[in-house]
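Please keep the sequence and the model at hand while reading.

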Amino acid sequence: MTVALQDRFFRELPEMAVRWQAESPAELRLLALNERLAAELGLDADWLRSTDGLRFLVGDLVPSAAVPVAQAYAGHQFGGFVPRLGDGRALLLGEIVDGDGRLRDIHLKGSGPTPFARGGDGLAAVGPMLREYIVSEAMHALGVPTTRSLAVVGTGRPVLREAELPGAVLARVASSHLRVGSFQFAASTGDTDGQQGLLRRLADHAIARHHPGAAEAERPYLALFEGVVAVQAALIARWMLIGFVHGVMNTDNMTISGETIDYGPCAFMEAYDPETVFSSIDFWGRYAYGNQPLVAGWNLARFAETLLPLLSDDVEEAVALAEASFGVFQREYDAVWQSGMRAKLGLPADLDARESTALADELLALLKDNHVDYTSFFRHLGRAARGDAEPARGLFVDLDGFDAWLPRWQGLRPDADVMDRANPVYIPRNHLVEETLAAATAGDLGPLQQLLAAVTAPFDERPGLDRYASPAPEDFGKYQTFCGT
């Protein structure tokens, strides 16, 4: 099979790309293949399973017109600026036009060290790569914009972390890999003047790729900023609605497209608590569940700073324009959050926003005080809308509090069918993810297929999948996640 890959990023922004070749793996084994996504991309699944297909998926067999590159970017990591990060263990194989005519990146993780590796080995273990596959595909099924996972291929090469682990490469698909950190890198070079300045060419590239309407605006680069703010506000609101905790919201992990990227120390909250943190290195809770909207705003302010030379020659005017445009964030976040929460509660779309917000806020406070599982509660609440309140009621210690809230909600005649379409039965429960990754690392892929079957059809309750809808057992303990490097 001939795979037609373009090299648009490299041709248009060569200062931000280093040509590189993936390491040749020792022994290839297909661990997971996303056949639906392959079909969207016009790739034959049978060929991808072949020796040549597997070599393509790990970057060992490069199509003739392709130019694999490691991308350069900078970033604020836990608030501290690092001017040179980049793809330390990743490669952009190139861009492919999918069946709908959209340009999409094919990108590798764990393909070996690049000039951006900063002393790392450039490799990845089976567990973290399958985690990204599981969670990103679950996010897609939940309707959250995300990078996708095409395949995970075992390399037959051991990776040394706390112990020796089997290695793997993830083939990832995205609208692009442009990040806030990409703009920080371009701005830090000082090449911001003139039509051919790096910053301006990067902005034009981003407009053409993701926000083409901005090109027609009176101030295209201000329109680009507003477009990115809007898609990120909507994205974070969707995270909050499903209880997702990203865990590492550095500026290099915030995309210009509005897709979720980098599934390292991520997890889904179980007992509702805005202070929920899973990352082993987030000692101060900077990226806690409840802080995610604030952190997104902080990251977007850093994005605005990079664009100031393009907004106006007068710094004060540029700052004023960016500050005025930032109001888009709160408006878009509130609109998506309120609409999503009304659906979760089955409330009429025309209900006064203040009433629905007050009802939701009171409920969330009850969930927090009673340590109620966020995902299963809303699904049980759908049964209450059909007349059976006991499954939801049984999750509370403070019955008086819930019993006072319940009739006010029931009086609004919630729509149970709307609720079932908004509230998943199955998410990647942390204990099940760990169980699945441990089995896969030991060579057993059965639990992986079972978990994927549940979480990629998250709203469809099915017999025999009860354990995939249940919170972790009490002996699972406090959950921590790690970045995988």
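## Residue T155

In this predicted model, T155 lies in strand β8, which covers residues 148-160. Is T155 buried or exposed? T155 has a relative accessible area of 9%, and a residue under 20% counts as buried, so T155 is buried.

## Helices α17 and α18

Helix α17 is formed by residues 430-441 and helix α18 by residues 446-455. The two helices pack with their axes 7 Å apart, at an angle of about 145°. The crossing of α17 past α18 is left-handed.

On the α17 side, the contact is made by L432, V433, T436 and A439; on the α18 side, P447, L448 and L451 take part. Of the residues in this contact, six are nonpolar, one is polar and none is charged.

## The chain as a whole

The chain contains 18 helices and eleven strands. Its radius of gyration is 23 Å, close to the 23 Å given by the globule rule for 485 residues, so the chain is as compact as a globular protein of that length. The C-alpha trace spans about 65 × 60 × 40 Å along its principal axes.

Of the 485 residues in the chain, 58% are buried. Among contacts with a separation of 6 or more, 72% are between residues 24 or more positions apart.

The chain exposes about 19,600 Å². Carbon and sulfur atoms supply 51% of that area.

Key. Residues are numbered from 1 along each chain as its sequence is written. This is a predicted model: local features need pLDDT of at least 70, side-chain atom pairs count only at pLDDT 80 or more; totals for chains, interfaces and linings use all residues. Side-chain values use heavy atoms; hydrogens and water are left out. Helices (H or I, at least four residues) and strands (E, at least two) are DSSP runs, numbered from the N terminus. Buried means under 20% relative accessible area, exposed over 50%, partly exposed in between (1.4 Å probe, protein chains only). Axes are lines fitted to C-alpha atoms, for helices over the stretch in contact, and angles run from 0 to 180 degrees between N-to-C directions. A crossing is left-handed if the near helix is turned anticlockwise from the far one by less than a right angle, and right-handed if clockwise. Contact means heavy atoms within 4.5 Å. Ala, Val, Leu, Ile, Met, Phe, Trp, Tyr, Cys and Pro count as nonpolar, Asp, Glu, Lys and Arg as charged, and the others, Gly among them, as polar. The radius of gyration is taken over C-alpha atoms; the globule rule is 2.2 Å times the number of residues to the power 0.38. Accessible areas come from the Shrake-Rupley method with a 1.4 Å probe; for residues, only the protein chains shown count as cover.
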